[in-house]
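Here's a walk through one protein chain, from its inside to its surface. Keep the structure open and look up each residue as it comes along.

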Amino acid sequence: MGIAKKEPFRETLGWRKEASSPSLPEVHNSMKVPKKAGFFRKLLAFVGPGYLVAVGYMDPGNWATDLAGGSQFGYTLLSVILISNLMAILLQALSGRLGIVTGRDLAQACRDHYSKPVSYVLWFLCELAIAACDLAEVIGAAIALQLLFGLPLIYGVILTALDVILVLMLQKKGFRYIEAMVISLMALIVVCFIMELIFSQPEFAAVAAGFIPTTEIVTNPAMLYIALGILGATVMPHNLYLHSSIVQTRQIEPTIEGKREAIKFSTIDTTVALMLALFVNAAILILSAAAFHSAGKEVAEIQDAYHLLGPMLGTGAASILFAVALLASGQNSTLTGTLAGQIVMEGFLNIRLTPWLRRLITRLIAIIPAVIVIGIYGESGATDLLILSQVILSLQLSFAVIPLVTFTSDRKKMGVLVIPKWMAILSWFVAILIAGLNAYLLYTTFFG
């Protein structure tokens, strides 16, 4: 009786062209996965990409909505953060699956599937979204530098350009170094907020009740608006492109069994990382509710929260920890944003630029408008710029989500590793919900 051979994964017929140049070629397939190892050792080899993705769910652009939600409505909107996070886990799992199964990132898949004019439009919209997201991260990091060291906002914005050099230095050493730095900064954020929660002493019964959805979220227009803001800004479009690329840094067996195993470990990595992001977002809202809502103060701006936390919680450490976490959040997000910029340009346009040039272009697209607005309108213009960046992100999101769900639910493109029918139905429901919520947000922003 012969030994059964592992079936190789064959390129499926649903793509017009064979996968050509790999995504992020300088680190593609660069990290070994032990073939004969136990569950936890193999899982450790796959840990990393999920955390790079998770930083986008706790970036400075999310802080304002969490602060506003907690200060105005207490713990009620925790259920919205939870639902948003579950949606994010689903979509990121699809993104990781696309990269593992097809050997294409989402940008390369779009270039193959759509006509050139449509691909160029999707590329332009995605670049706009990355610039908008980068803008929020740059301003957030600059605000943190101002709060901690008194550095003028405009100098803080310029200083954030140094992350380009940092990414290049780390990537030359290996992609694991970038992952290690991101995970370290994420751990710092988590520790800061654990301390904040100890200082703020929230009502744990009320916190638990906040994770249960209530009809008031829908019936109260003011609450609904902030809830939509949390939902609409949670899933970052560039994260879907990023994740489908960085999962390909692992050396996996090019067989159906090998890819199925990679999907399993990648999904665990993403789920655990995004649960940490859930903790951070929930902690910001809980902190805001415990410190401000109980005192009847409404806070929406990050600077106001910083100045009020110390006096209201009775310790200056609360304000310092808040600013340190914000700086770590902004720095982490800019690191992953520069990688996403490279993936999108190379994937949609099939052109290669040297990494330092591509990342410099990404950073300048964010820094130049921030410097101009702050120079003309002062620091108050930075807040308006943050709001505009979130509107642009909302506009772009469906242009990433709908292609992703389309590809991963297509058996011709995914072969036997296509997502199951129940997951396809759930994914389409989430895609339509996100499109509807973002359309409503845009309508209320311009006409409401």
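## Ground rules

Helices here are DSSP runs of H or I with at least four residues, strands are DSSP runs of E with at least two, and both are numbered from the N terminus. This is a predicted model, so to speak of local features pLDDT must be at least 70, side-chain atom pairs count only at pLDDT 80 or more, and totals for chains, interfaces and linings use all residues. Residues are numbered from 1 along each chain as its sequence is written, and side-chain values use heavy atoms, with hydrogens and water left out.

## A salt-bridge network

Let's begin with charges. A salt bridge is a side-chain nitrogen of Lys or Arg within 4 Å of a carboxyl oxygen of Asp or Glu. The structure holds four of them. In one, E179 pairs with R176, at 2.8 Å from N to O. Both sit in helix α9 (residues 175–200), three residues apart, which is about one turn of the helix.

How buried or exposed are these two? Buried means under 20% relative accessible area, exposed means over 50%, and partly exposed is in between (1.4 Å probe, protein chains only). E179 counts as buried because its relative accessible area is 1%, while R176 is partly exposed at 34%.

E179 has another partner: R250, also at 2.8 Å from N to O. This pair links distant parts of the chain, since R250 is in strand β2 (residues 250–251) and E179 is in helix α9, 71 residues apart. R250 and E179 are both buried. Put together, R176, E179 and R250 make up a network of salt bridges.

Elsewhere, R104 forms a salt bridge with D112, with the closest N and O atoms 3.9 Å apart. Both of these residues are buried too.

## The nonpolar core

Now for the greasy inside. A nonpolar core is a set of buried Ala, Val, Leu, Ile, Met, Phe, Trp, Tyr and Cys residues joined through side-chain atoms within 4.5 Å. The largest one has 132 residues, and L77, L91, L106, F193 and F322 have the most contacts inside it. Helix α14 (residues 256–293) supplies the largest share of this core, 19 residues.

Take F322 as an example. Leaving out residues up to four places away in sequence, its contacts (heavy atoms within 4.5 Å) include W63, L67, E196, L287 and Y306.

## A buried serine

S79 is part of helix α4 (residues 78–102). Its relative accessible area is 1%, so S79 is buried. Beyond its neighbours within four places in sequence, S79 is in contact with G210, F211, I212, P213 and I217. The side chain of S79 also reaches the backbone oxygen of T76, at 3.4 Å.

## A nonpolar patch outside

Which residues form a nonpolar patch on the surface? They are W356, L360, L364, I368, I372 and I376, with about 580 Å² of accessible area together. Such patches are made of residues with over 30% relative accessible area and no salt bridge, with like charges joined within 9 Å and nonpolar side chains (Val, Leu, Ile, Met, Phe, Trp, Tyr) within 5 Å. The areas come from the Shrake-Rupley method with a 1.4 Å probe, and for residues only the protein chains shown count as cover.

I376 lies in helix α17 (residues 355–377). I376 counts as exposed because its relative accessibility is 61%.

Terms used:
A polar contact is a pair of N or O atoms within 3.5 Å; within protein, one must be able to donate a hydrogen and the other to accept it, and residues adjacent in sequence count only if both atoms are side-chain atoms.
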